[in-house]
Amino acid sequence: MSTTTTPAPAPAVKTRPHRSTPAPARRAARVRAVTGRVLRYAALLVVLVVMVGPFLWQLSTSLKGLGDQVFGYPPQLLPHAPTLEHYGAVTETVPVLRYATNSLVVAVSCAATNIVFGSMAGYALARMAFRGRKIVFACFLATIIIPFESILVSEFLIVRSMGINDTLLGVMVPLAVTGLSVLLMRNAFAGLPAEIEEAAVLDGASEWQRFWRIAMPSVRGTIAVVAIFSFVFAWDDFLWPLVVLSDSDNFTLTVGIQYLSGTFTNDQRVIAAGTMMAVVPLLVLFFSLQRYFFRGVGEGAVKG
C-alpha cells in the first residue's frame with residue numbers, strides 16, 4: 001500500500017508595498033527647485049548689473065550727442081544719434097597716443113618683471129629647501145595686506161635718491177614684482193607632481209634646467225594670470241604716477257586723462273570718452289588671454 005505525500009506549501013514571500021512619493025511632496029520639491037533656480041538667476045542678474053552696468057553707462061554716455069540727456073529721467077541707455085565726435089575732442093585736448101604709449105611701456109615692463117622675478121621667487125619658496133623659508137614666505141604675504149598709501153612717502157624718497165623720479169623707470173620700480181605674483185607662482189609650482197623633477201634629477205638636470213625647462217612650461221596658465229594682473233594694475237595705477245611724475249611728456253594715460261575733468265567739467269560725454277579709451281585695451285587683453293587666465297586660476301588653487 002503506497003502512501004502519497006503532499007508537498008508542503010511554499011512560504012509566502014513578503015513583498016514591501018511600493019511607496020510612491022505623494023503628489024503634494026513632489027509638487028513641493030519641484031517648487032523648491034524652481035524657486036532656488038530663480039533666486040540664483042536673480043542673484044546673477046544683480047551681479048551683472050552691478051559689474052557691467054557702469055561700463056555700459058559710460059559707453060552710452062560717450063556716444064551720446066548734444067541732444068541726448070546724460071542725467072535725465074528715466075535714464076536713457078541707447079543714444080538716439082550715436083556719434084564719435086567726443087573721442088575726437090579727447091585726442092584734440094590731450095596727447096592720448098603719447099600717454100597711451102607711456103602706459104603701455106610701463107604695463108608691459110611690469111608684466112614682464114613680475115613674470116620673471118615672481119616665478120623665480122615662487123619656485124624657490126615651493127621647490128627649494130633653505131633655512132627661513134617660512135619666514136620669507138610670511139614676509140611676501142605681509143606685503144599683500146600693507147596699503148600702498150602707507151609706504152608711498154618712503155617709496156618716493158627711495159626713487160628720488162636713485163635719481164629716477166619723473167621718469168617711466170621710476171614708475172616701474174615699485175611695481176616690478178608684487179607679493180601677489182610671488183604667491184600665485186609659488187602655489188602653481190607647489191601643485192606640480194614631485195616625480196617630474198625627480199626624473200629630471202636622475203637625468204642630471206641642474207636646478208636652473210628644472211626651473212626653466214620643466215617647471216615654467218607646466219604653469220603657463222598661472223603665468224598668464226600674473227601677466228594680466230600686473231598689466232592691469234600698472235595700467236590703472238593713478239596715485240603713484242601722479243606723485244612721481246611732473247613732466248607732462250612722461251604722463252601715463254590715467255594721469256593725462258584727469259585733465260579732461262578740469263577742461264570739460266560740464267560735458268560728461270567727453271570725460272566718458274576718455275575713460276573708455278583707457279578701459280578698452282584692458283578688455284582686449286583679457287579676452288585675448290581669458291582661456292589661459294581661467295586655466296591659471298585652477299593651477300594656482302591646486303595646492304597652497
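The model is predicted.

## Overall make-up

Read from the N terminus, the order of elements is α-α-α-α-α-α-α-α-α-α-α-α-α-α. The protein has 304 residues, and 34% of them are buried.

## Helix pairs

| Pair | Crossing angle | Axis separation |
|---|---|---|
| α3 (residues 96-127) and α4 | roughly 140° | within 10 Å |
| α4 (residues 133-145) and α7 (residues 179-190) | about 130° | 8 Å |
| α2 (residues 85-93) and α13 | roughly 80° | within 8 Å |

Start with α3 and α4, whose axes cross at roughly 140°. Antiparallel would need an angle over 145 degrees, so α3 counts as oblique to α4. The crossing is left-handed. On the α3 side, the contact uses Ala121, Ala124, Leu125 and Ala126. On the α4 side, Arg133, Val136, Phe137 and Phe140 take part. By class, the contact of α3 with α4 has 7 nonpolar residues, no polar ones and 1 charged.

Next come α4 and α7, which pack at about 130°. That angle makes α4 oblique to α7. This crossing, too, is left-handed. Helix α4 contributes Phe137, Phe140, Leu141, Thr143 and Ile144. Helix α7 contributes Gly179, Leu180, Val182, Leu183 and Arg186. The contact of α4 with α7 divides into 7 nonpolar, 2 polar and 1 charged residues.

Angles of 65 to 115 degrees count as roughly perpendicular, so α2 is roughly perpendicular to α13. From α2, the contact draws on His86, Tyr87, Ala89, Val90 and Thr91. They meet Arg269, Val270, Ala273, Gly274, Met276 and Met277 of α13. The contact of α2 with α13 comprises 7 nonpolar, 3 polar and 1 charged residues.

## Arg269 in α13

Arg269 sits in helix α13, which spans residues 268-288. Is Arg269 buried or exposed? Its relative accessibility is 11%, so Arg269 counts as buried. Residues up to four places away in sequence are set aside for its contacts. Arg269 then touches Thr61, Ser62, Lys64, Gly65, Leu66, Asp68, Val70 and His86. His86 belongs to α2 and is part of the α2 contact with α13.

## Ser181 in α7

Ser181 is a residue of helix α7. With a relative accessible area of 4%, Ser181 is buried. Its side chain makes a polar contact with the side chain of Thr178, at 3.0 Å. Beyond its neighbours within four places in sequence, Ser181 contacts Asn114, Gly118, Val226 and Ser230.

## Met172 in α6

Met172 belongs to helix α6. Met172 has 15% relative accessibility and counts as buried. Which residues does Met172 contact, leaving aside its neighbours within four places in sequence? They are Val105, Val106, Ser109 and Cys110. Trp240 is 68 residues apart from Met172 along the chain, and their C-alpha atoms are separated by 9.8 Å.

## Asp166 in a loop

Asp166 lies in the loop between α5 (152-161) and α6 (168-172). Its relative accessible area is 22%, so Asp166 is partly exposed. The cut-off for buried is under 20%. The backbone of Asp166 also deserves a look. Most residues other than glycine have a negative phi. Asp166 is not a glycine, yet its phi is positive, at about 60°.

Notes:
Residues numbered from 1 in each chain as written. Predicted model: local features only at pLDDT ≥ 70, side-chain atom pairs only at ≥ 80, totals over all residues. Heavy atoms only, no water. Axes fitted to C-alpha atoms, helices over the stretch in contact; angles between N-to-C directions. Helix = DSSP H or I, 4+ residues; strand = E, 2+ residues; numbered from the N terminus. Parallel < 35°, antiparallel > 145°, perpendicular 65-115°, else oblique. Left-handed = near helix turned anticlockwise from the far one by under 90°. Contact = heavy atoms within 4.5 Å. Nonpolar A, V, L, I, M, F, W, Y, C, P; charged D, E, K, R; others polar. Buried < 20%, exposed > 50% of the residue type's maximum accessible area, 1.4 Å probe, protein only. Polar contact = N/O pair within 3.5 Å; in protein donor to acceptor, adjacent residues only side chain to side chain.
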